[in-house]
Amino acid sequence: CQSIAFGLSISGTIYSDLNRNGMMDTGEAKIAGITVYIDRNVNGRLDQGETQTVSNTEGLYKFDGLFN
């Protein structure tokens with residue numbers, strides 16, 4: 001039996017959901033400079049060693065090279 005690790009990624013957009021409907025609508029601004037992280041210990045805060053990234057000028061973030 002052989003184990004194969006596949007590279008996974010997670011991506012999304014940070015935006016101001018003014019009407020709180022969970023969807024990005026016209027007029028809702030994308031937000032740059034927001035830290036997004038993978039909360040491995042599920043404590044609701046960024047801890048040392050947790051994978052993190054920052055949203056770019058278009059509000060986009062992406063984690064590459066994750067493994068299952």
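How many salt bridges does a search of the whole structure find? The search finds three, a salt bridge being a side-chain nitrogen of Lys or Arg within 4 Å of a carboxyl oxygen of Asp or Glu.

Before selecting anything, note that this is a predicted model, in which local features need pLDDT of at least 70, side-chain atom pairs count only at pLDDT 80 or more, and totals for chains, interfaces and linings use all residues. Residues are numbered from 1 along each chain as its sequence is written, and side-chain values use heavy atoms, with hydrogens and water left out.

**Stop 1: the salt bridges**

Select Glu58 and Lys30, whose side chains meet in a salt bridge at 3.7 Å, N to O. This pair links distant parts of the chain, 28 residues apart: Glu58 is in the loop between strand E3 (52-54) and E4, and Lys30 is in the loop between strand E1 (7-13) and strand E2 (35-37). Strands (E, at least two residues) are DSSP runs, numbered from the N terminus. Glu58 is partly exposed at 42% relative accessibility, and Lys30 is partly exposed at 41%. Here buried means under 20% relative accessible area, exposed over 50%, and partly exposed in between (1.4 Å probe, protein chains only).

Next select Arg45 and Asp47, where the closest N and O atoms of the salt bridge are 3.5 Å apart. Arg45 is exposed at 53%, while Asp47 is partly exposed at 21%.

Then select Lys62 and Asp64, joined by a salt bridge of 3.6 Å, N to O. Lys62 is partly exposed at 47%; Asp64 is exposed at 56%.

**Stop 2: Glu28**

Move to Glu28, in the loop between E1 and E2. Glu28 is buried yet has no salt bridge, and the nearest side chain of opposite charge (Lys and Arg count as positive, Asp and Glu as negative; His and the chain ends are not counted) is that of Arg20, 9.2 Å away. A polar atom of the Glu28 side chain lies 2.8 Å from the backbone nitrogen of Asp25, and the side chain also reaches the backbone nitrogen of Asn19 at 3.5 Å. Leaving aside neighbours within four places in sequence, Glu28 is in contact (heavy atoms within 4.5 Å) with residues including Tyr15, Leu18 and Met23.

**Stop 3: the nonpolar core**

Finally select Ile14, Val36, Tyr61, Phe63 and Leu66, the five residues of the largest nonpolar core. Strand E4 (residues 60-67) gives the most to this core, with three residues. Such a core is a set of buried Ala, Val, Leu, Ile, Met, Phe, Trp, Tyr and Cys residues joined through side-chain atoms within 4.5 Å. Not counting residues up to four places away in sequence, Tyr61 touches Ile14, Val36 and Thr53, among others.

Conventions
Helix = DSSP H or I, 4+ residues; strand = E, 2+ residues; numbered from the N terminus. Polar contact = N/O pair within 3.5 Å; in protein donor to acceptor, adjacent residues only side chain to side chain.
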